[in-house]
Amino acid sequence: WNGVYRLAEEQAVVGLVAAGIDALPPSARPPQEVVLQFVGSTLQLEQWNKAMNEFIAGLIEELRREDCYSLLVKGQGVAQCYERPLWRASGDVDLLLSQNNYLIAKECLTKQASHVDIEDEKRMHLGMSIDGWVVELHGTLFTGISRSLNKVIKQVQDSIFCGGEVRSWDNNGTTVYLPSPDNDVFLVFSHILEHFYVEGIGLRQICDWCRLLYTYRESLNHRLLESRIRKAGIMEEWKGFAALAVNYLGMPVEAMPFYDERYRAKGARLTDYVMKSGNFGHNKDNSYRGKTSKLKELMITFWRRVKEFAELTRIFPTQTPRIFLTYVIGRVKANV
């Protein structure tokens with residue numbers, strides 16, 4: 001049980017495991033000292049999430065006073081799909097905005113930020129810290145790994161901004177808009193893939209994807225989803241992660257679109273990689289960063305990326321070389 005707790009911490013799923021333990025019969029529960037560890041961590045999660053929700057409500061209201069409308073993506077929006085939203089480990093506050101609203105939000109929020117990151121103008125991405133919370137503005141959710149994937153993301157964003165395909169969350173009296181389930185499922189999986197190929201992905205993000213699929217299992221447009229997945233060229237990855245979810249996380253097969261039993265071995269290799277890399281690649285050794293010249297740091301990073309992509313080729317041999325080439329070209333352009 002101590003090992004379970006350590007792994008849950010490492011993968012940022014302490015609250016999710018605590019909810020599972022709470023559903024166990026008394027005879028199957030862990031020792032009292034382990035239970036207390038889970039209880040303490042879960043109480044902290046609840047307090048953190050309540051404070052974050054209050055911050056999000058204020059942020060959304062402030063932007064609306066500036067006639068600026070945004071969508072909350074990932075994070076606390078997806079958390080609402082869990083039976084206990086306050087037990088999900090939260091991260092940043094990510095807002096998706098149209099091009100004009102992105103400019104308004106940037107002008108409004110940078111004035112009150114204690115720290116502002118260097119803006120990625122091409123991808124319209126800007127991170128900042130406000131009152132101790134990390135806020136990220138996204139004018140687009142394009143990835144750096146695939147042009148075909150980005151084309152479909154563009155179509156999804158158009159359906160949101162032009163078609164009004166959204167859902168809402170009542171955050172203690174403040175209406176917070178989220179992508180519609182059909183759009184959200186695709187965007188969340190795209191986010192998983194970018195982190196998987198570039199730095200590493202953890203169980204928390206995979207659980208988010210599963211909870212979205214499970215919550216809206218009866219209303220998802222499977223024909224639209226399949227069309228988008230195939231146009232983006234990511235069906236191989238979808239089926240691999242589906243095998244991981246069904247065979248290792250207990251996702252009901254009837255709630256997982258396009259599950260394919262033939263991908264069980266690929267799911268096993270994916271599971272090993274996720275466990276090894278940790279949540280967002282936190283298990284990887286990045287101690288060299290900031291301790292050498294910029295050029296040397298880039299060279300070390302590039303060499304490690306080469307080795308990581310070589311390892312990923314064992315899982316997705318067809319897609320990985322193409323994604324590696326797209327990633328390298330993008331990084332070279334960004335640093336020239």
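Author: The model is predicted: local features need pLDDT of at least 70 and side-chain atom pairs pLDDT 80 or more, while totals for chains, interfaces and linings use all residues. Residues are numbered from 1 along each chain as its sequence is written, and side-chain values use heavy atoms, without hydrogens and water.

Reader: What share of the residues of the chain counts as buried?

Author: Buried means under 20% relative accessible area, exposed means over 50%, and partly exposed lies in between, with a 1.4 Å probe and protein chains only. Of the 336 residues, the buried share is 49%.

Reader: Is M251 buried or exposed?

Author: M251 is placed in the loop between α10 (235–248) and α11 (264–277); helices are DSSP runs of H or I with at least four residues, strands are runs of E with at least two, and both are numbered from the N terminus. The relative accessible area of M251 is 7%. Because buried means under 20%, M251 is buried.

Reader: Which helix holds R147, and is R147 buried or exposed?

Author: R147 belongs to helix α6, which spans residues 147–161. Its relative accessibility is 63%, so R147 counts as exposed.
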